[in-house]
Amino acid sequence: MSYIIEPMPLISFLEDGKLRLPRFQRKATWDKKQNFELAISVFQDYPVGVVIINQEQKISWLLDGRQRRSALSSMRDNPVELYEWARSYIGFGKTADELEVKSKYWEKVERYLQTEEVTDNDEDDVNQYGEEDESDAEENSFDSAKQRRGLQTLLDIILMVHQNKPSGSKWEQTFDFKKYFSRLKYAPVKNNSKIDPKALRRFILELLKAIEQENDGERTQDFFIEYYLQNFDVKDQDKFEKDVSIKWDNILNSLDVIDRSEKVFTDARIGIIRLTNATPLDAQNIFSRINRGGTQLKAEELLSAKPYWNKSVNLTDPAVMERIKEMYRNLGIPAPDSIVRWDIAATFISRIKDENLIFDTYEDVRKKKEISMDEISLGFKLLSSIYAQGMSNKQVNELEQNENIKWEYDIDELIQQLNTVCSILLADTFFKFYQSWKRPITKLMGNAIALEFLTIIWLDWKERGCPSTVSGETKALQRDARILFDKLVFEYATKTWRGSGDSKMSSDIKNWKQRVTAVASEDWKNFITGACTGNYNGQDTTVKILKPVLYYYYAITDCSPINQVNVSFDVDHIIPKERFVGNTMVTKTYRDSLINLALLPTKDNISKKAKALNEITDSWLKLQISTYTGIEEKDFDQYSDIANISLLYNKRSKLFTTAFMSNRTTALSK
């Protein structure tokens with residue numbers, strides 16, 4: 001990888017038609033405040049930021065700076081939109097007189113320039129430039145008179161558009177000559193001849209250029225009228241000429257303001273970091289070092305700007321095509337005409353039919369018409385886990401070197417295989433009980449463990465000859481899956497699944513046959529004994545590490561949520577944790593020990609709050625607690641007193657010991 005840092009004329013950056021946007025684009029998050037503050041910087045002749053461009057195979061991709069570019073384009077191309085930003089930011093009404101607009105404008109702008117407000121969620125909030133060499137000081141010094149003229153130009157744009165009457169934009173009305181011409185270039189018939197502000201501005205720039213070339217730069221009524229007559233078919237020339245005469249002062253002012261505005265953008269510069277053949281890791285590191293407050297670039301975003309991932313794929317499955325279209329709708333950008341490899345990987349997880357066993361359904365995100373970067377990322381990582389035996393960014397990149405992947409049909413076949421594996425798992429009694437709790441492995445123990453689980457079981461399925469119907473091989477696969485799940489829960493709880501998730505998971509996949517060997521019963525016994533007192537191997541247990549153990553406990557004891565549909569569960573303390581504060585008679589480790597934790601429906605858990613068992617009056621909640629703790633309602637008084645923690649220990653430690661010594665053995669041997 002190589003790179004250069006260079007200034008670029010702002011207009012060149014905005015008009016570069018060869019600069020391509022990545023396949024993936026974040027939703028626009030800049031608001032009117034951020035947009036107008038950027039406008040202040042532009043017209044104040046301040047640096048307007050740094051963007052990152054990656055050049056690969058003679059194609060330039062805008063990796064970071066899309067929203068900045070969009071805002072800059074809008075403020076240059078559309079005076080009406082810039083006016084709306086100003087009205088929101090400055091705080092004046094549509095009927096305010098010019099004196100009020102001017103007064104509020106200078107007050108707000110000067111206050112902003114004095115305080116130098118910083119917005120936390122500015123995607124491209126960057127360190128502008130480093131220290132200057134003395135030789136560059138004169139070139140980069142600020143001209144206060146020029147800065148004041150720039151800010152005055154910004155105000156003049158606002159006043160040019162502002163109309164203190166309900167009839168609308170004064171600027172658009174000034175050039176509204178539709179009744180004199182059959183069609184105007186800036187009032188297209190397809191838009192009901194409504195004036196297009198962007199087209200009007202372009203027309204004025206063309207007019208100014210013609211004035212320079214054909215009229216020695218003199219802005220006269222005669223030339224203005226003649227220009228219209230040459231370019232459009234006139235219906236009533238006399239009335240047109242009279243209207244121009246009446247509006248001439250406003251017309252001259254508009255020509256002057258648009259001319260000065262364009263000069264501001266002509267003189268402005270933007271910083272460009274131009275990378276060549278950057279890896280996603282290089283691009284991420286560079287981004288993080290220049291961007292103080294922006295959202296970190298994801299590897300999958302950077303991949304969307306690489307030629308390999310932008311190669312078209314012939315796809316005919318309507319369901320997959322609709323899922324891809326939905327993704328782009330939720331991204332807030334038009335769906336591209338063609339489907340490329342990046343689209344296939346980005347929607348890969350959504351095609352796996354695991355019924356929430358391994359992966360989240362992301363239903364909440366979809367209801368909001370949004371997308372989950374986690375879901376997109378998992379698609380790439382699962383593909384690399386299968387094809388490159390690991391989920392690191394480096395291994396995701398290695399997919400580009402895998403010439404054996406036939407994207408037109410290999411991925412479809414892989415999806416069918418993974419769905420077959422999932423259907424075999426879901427037919428198993430143990431996984432039916434676990435799945436009923438609606439806590440996918442990704443949420444229970446993390447993405448790396450979930451990817452390892454599915455990848456290894458898929459490898460095991462392949463090793464067993466790809467069975468699809470009930471047979472000895474499918475039963476053996478289910479048993480191996482239970483053994484692997486058991487091992488993953490144990491390693492998570494005992495913190496032996498630690499270190500780099502990327503390297504651990506990669507090593508486990510390469511040695512996958514060793515992973516489907518059962519954890520020794522004695523090891524589980526030692527852990528449960530320690531977890532019930534709240535300390536294992538000299539370290540206090542936590543709710544986080546015990547959560548998977550609890551779900552596992554309910555699965556091996558054949559316990560499912562009672563009369564609950566689409567309900568989520570939380571871990572809750574039986575004796576409220578607040579009762580342990582300042583209590584010197586009870587060992588504090590019992591607070592987050594296994595015997596003091598149980599699962600409760602989230603809604604009911606909220607209503608329980610910090611109540612002891614005997615303080616609960618709701619009969620439905622009492623039933624839930626009895627079911628999931630093993631404590632009968634008649635004993636609630638006894639187990640509400642923290643002084644009786646030993647009784648709680650005696651009762652519940654037996655439940656866990658029996659489950660992990662007896663039920664677990666039965667579950668693994670079926």
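In which loop is E355 found? In this predicted model, E355 is found in the loop between α15 and α16, the latter covering residues 363–367. The backbone of E355 has a positive phi of about 50°, although the residue is not a glycine. With a relative accessible area of 52%, E355 is classed as exposed, because the threshold for that class is over 50%. A positive phi also occurs at Q389, again a residue other than glycine, with a value near 60°. Q389 is found in the loop between α17 and α18, and its relative accessibility of 35% places it in the partly exposed class. Most residues other than glycine have a negative phi.

The protein chain contains 30 helices and nine strands. Of its 670 residues, 52% count as buried. When contacts between residues at least 6 apart in sequence are considered, 76% join residues at least 24 apart.

Five of the strands form an open sheet with mixed pairing, in the order β1-β5-β3-β4-β2. Its edges are formed by β1 (2–9) and β2 (19–20), each of which pairs on one side only. Strand β1 runs antiparallel to β5 (residues 269–276), and eight bridges join the two. At P9, the bridge partner in β5 is R269.

The largest nonpolar core comprises 126 residues. The members that touch the most other members are W342, I352, L382, F453, F485, F527 and F660. For L382, with neighbours within four places in sequence left aside, the contacts are F348, I349, I352, F359, L418, L451, L454 and T455. Another core lies apart from this one and holds 78 residues, including L62, L72, I158 and F175. In soluble globular proteins, nonpolar side chains tend to be buried together.

Aromatic rings were examined next. A search of the whole structure finds 50 aromatic pairs. A pair of this kind is described by the distance of the ring centres and the angle of the planes. Y308 and W407 form an edge-to-face pair, with 6.4 Å from centre to centre and 75° between the planes. This pair links distant parts of the chain, its members being 99 residues apart. Y308 belongs to the loop between α13 (299–303) and α14 (318–331), whereas W407 belongs to the loop between α18 (393–398) and α19 (410–426). Y308 counts as buried because its relative accessibility, 11%, is under 20%. W407, at 4% relative accessibility, likewise counts as buried.

W342 and F380 form a tilted aromatic pair, at 6.0 Å centre to centre and with 50° between the planes. Here too, distant parts of the chain are linked: W342 lies in helix α15 (residues 341–346) and F380 in helix α17 (residues 373–388), 38 residues apart. Both W342 and F380 are buried. W342 is also one of the core residues listed above as touching the most other members.

Charged side chains are also placed over aromatic rings. R341 lies over the face of Y308, at 4.4 Å from the ring centre; Y308 is the residue that pairs edge-to-face with W407. Elsewhere, the charged end of R148 sits over the ring of W106, 3.8 Å from its centre.

Key
Residues are numbered from 1 along each chain as its sequence is written. This is a predicted model: local features need pLDDT of at least 70, side-chain atom pairs count only at pLDDT 80 or more; totals for chains, interfaces and linings use all residues. Side-chain values use heavy atoms; hydrogens and water are left out. A nonpolar core is a set of buried Ala, Val, Leu, Ile, Met, Phe, Trp, Tyr and Cys residues joined through side-chain atoms within 4.5 Å. Buried means under 20% relative accessible area, exposed over 50%, partly exposed in between (1.4 Å probe, protein chains only). Contact means heavy atoms within 4.5 Å. Rings of Phe, Tyr and Trp (its six-membered ring) pair if their centres lie within 6.5 Å; planes under 30 degrees apart count as stacked, over 60 as edge-to-face and the rest as tilted. Helices (H or I, at least four residues) and strands (E, at least two) are DSSP runs, numbered from the N terminus. A charge sits over a ring if NZ of Lys or CZ of Arg is within 6 Å of the ring centre and within 35 degrees of the ring normal. Two strands pair if DSSP finds at least two bridges between them.
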